[in-house]
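Q: Can you walk me through this one? I have the sequence and the coordinates open.

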Amino acid sequence: MGTKIGFVTCVQLGLSCIEKIYSMEGQLDIVITLKDEKAQKKSGRIFLDEFAEDHDIPLLKINNINEDIVEKTIKEKELDWLFIIGWSQIAKKNILNAPRRGCIGMHPTLLPQGRGRASIPWAILKGLKETGVTLFRLDEGTDTGDIIGQEVISLSDKITATELYNKVNEAHITLLEQFWNGIVEDKISLKKQNEREATFWEGRRPEDGEIYKDMALEEALTLIRAVTKPYPGAFYTMEDEKWIIWSARGSDTNGLPVSDGFIEPIEYEIVKQR
């Protein structure tokens, strides 16, 4: 009997991994995703119905990873591994222990740096020279599990969230391709994270994208790059208008004023405020 594997996701990063598994002639015994009406505005949100139907994979839709039906399904399918990728809910111990070998996740930083949320925006906001993606065995902590492998991503000082999201997507695929056979054959080696090097990044909200008039120009331009698509975008409020700015450049003379210059929007939307 072959290794039985399930996959939990609701975003493009996860679907890219699933597509890679099937391009390598692998297969899944179950895919689990959010119910259609849940998290429709989540960055990178996707639906798995078509892929599951085309490849004859059972599809389970849930509200929460810790529902009884999830544990029951894992045990009924006799899963060896469960991938949980691109999923914001934290799986509890009974779910993590339900597959015979455990659960596997990916996190878009070089763990133990950048545990937590909003990994792509923070990497840009912090001006990092490199980031990456970590493939790891999930445990009860937040991004604290043993590392299976990592892929490094170099960052330029002009990279946007859109570009970094695409690089993160590619790194997910690369890691899956590199370690898939080892996972299937139970031949992976695990490395403990160094707690002394651990950092934690807080979640971000859409309102954290506001640009204020007393901001420095470079700070504002960095924020625009960090929260552009697929994220909610940076915004500037002027009288009864909200400018959602997807890309911009600095100007000495024209545009939206900040403390030491002007933001000249390139791609933007203007929303009238009540």
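**Contacts, pocket and backbone**

A: Let's start with Lys191: neighbours within four places in sequence aside, Lys191 is in contact with Asp146 and Ile147. This is a predicted model.

Q: Where is Lys191 found?
A: Lys191 is in the loop between helix H6 (161–184) and strand S9 (200–201).

Q: Is Lys191 buried or exposed?
A: Lys191 is exposed, at a relative accessible area of 57%.

Q: How far apart are Lys191 and Ile148?
A: In space, 6.6 Å from C-alpha to C-alpha. In sequence, Lys191 and Ile148 are 43 residues apart.

Q: And Asp146, buried or exposed?
A: Asp146 counts as buried, because its relative accessibility is 19% and the cut-off for buried is under 20%.

Q: What does Asp146 contact, leaving aside neighbours within four places?
A: Phe136, Arg137, Leu190, Lys191 and Lys192. Asp146 itself sits in a loop, between strand S7 (130–137) and strand S8 (147–154).

Q: Zoom out. How many helices and strands are in the chain?
A: Seven helices and 14 strands. The radius of gyration is 20 Å, close to the 19 Å that the globule rule gives for 274 residues, so the chain is as compact as a globular protein of that length.

Q: What box do the C-alpha atoms fill?
A: Roughly 70 × 40 × 30 Å, along the principal axes.

Q: How about burial and surface?
A: Of the 274 residues, 49% count as buried. The chain exposes about 14000 Å², and carbon and sulfur atoms supply 45% of that area.

Q: What share of the contacts comes from residues 24 or more positions apart?
A: They account for 65% of the contacts with a separation of 6 or more.

Q: Pockets next. What volume does the second largest pocket have?
A: About 150 Å³.

Q: Which residues line the second largest pocket?
A: Ala123, Ile124, Gly127, Leu128, Lys129, Leu155, Ser156, Asp157, Ile159, Thr222 and Arg225. By class, that lining has five nonpolar, three polar and three charged residues.

Q: Which helices each supply at least two residues of that lining?
A: Helix H5 (119–125) and helix H7 (217–226).

Q: Is H7 mostly covered or mostly open?
A: H7 is mostly covered, with eight of its 10 residues buried.

Q: Which ones are buried in H7?
A: Leu217, Ala220, Leu221, Thr222, Leu223, Ile224, Arg225 and Ala226. Among them, Thr222 and Arg225 are also in the lining of the second largest pocket.

Q: Switching to H1. Where does Lys20 lie, and what does it touch?
A: Lys20 lies in helix H1 (residues 12–23). Not counting residues up to four places away in sequence, Lys20 touches Ile173, Leu176 and Glu177.

Q: Buried or exposed, that lysine Lys20?
A: Lys20 is buried, with a relative accessible area of 18%.

Q: Now Glu19. What is its relative accessible area?
A: It is 37%, so Glu19 is partly exposed. Glu19 lies in helix H1 too.

Q: What does Glu19 touch, beyond residues up to four places away?
A: Gln12 and Phe51. Glu19 and Phe51 are 32 residues apart in sequence, and their C-alpha atoms are 8.5 Å apart in space.

Q: What about the bond from Lys229 to Pro230, cis or trans?
A: That bond is cis, with omega near 15°. Pro230 lies in the loop between H7 and strand S11 (234–238).

Q: What is phi for Glu78?
A: Near 55°, a positive value in a residue other than glycine. Glu78 lies in the loop between helix H3 (68–76) and strand S4 (81–84). At a relative accessible area of 34%, Glu78 is partly exposed.

Q: And what is phi for Asp186?
A: About 55°, positive although Asp186 is not a glycine. Asp186 is in the loop between H6 and S9, and Lys191 is found in the loop between H6 and S9 as well.

Methods:
Residues are numbered from 1 along each chain as its sequence is written. This is a predicted model: local features need pLDDT of at least 70, side-chain atom pairs count only at pLDDT 80 or more; totals for chains, interfaces and linings use all residues. Side-chain values use heavy atoms; hydrogens and water are left out. On a 1 Å grid over the protein atoms alone, a cavity is a set of points where a 1.4 Å probe fits but cannot get out, and a pocket is an open set with protein on both sides within 12 Å along at least five of seven lines; lining residues have an atom within 4 Å of a point. Grid points are joined across faces, edges and corners, and a volume is the space filled by probe spheres set on the points. Helices (H or I, at least four residues) and strands (E, at least two) are DSSP runs, numbered from the N terminus. Ala, Val, Leu, Ile, Met, Phe, Trp, Tyr, Cys and Pro count as nonpolar, Asp, Glu, Lys and Arg as charged, and the others, Gly among them, as polar. The radius of gyration is taken over C-alpha atoms; the globule rule is 2.2 Å times the number of residues to the power 0.38. Buried means under 20% relative accessible area, exposed over 50%, partly exposed in between (1.4 Å probe, protein chains only). Contact means heavy atoms within 4.5 Å. Accessible areas come from the Shrake-Rupley method with a 1.4 Å probe; for residues, only the protein chains shown count as cover.
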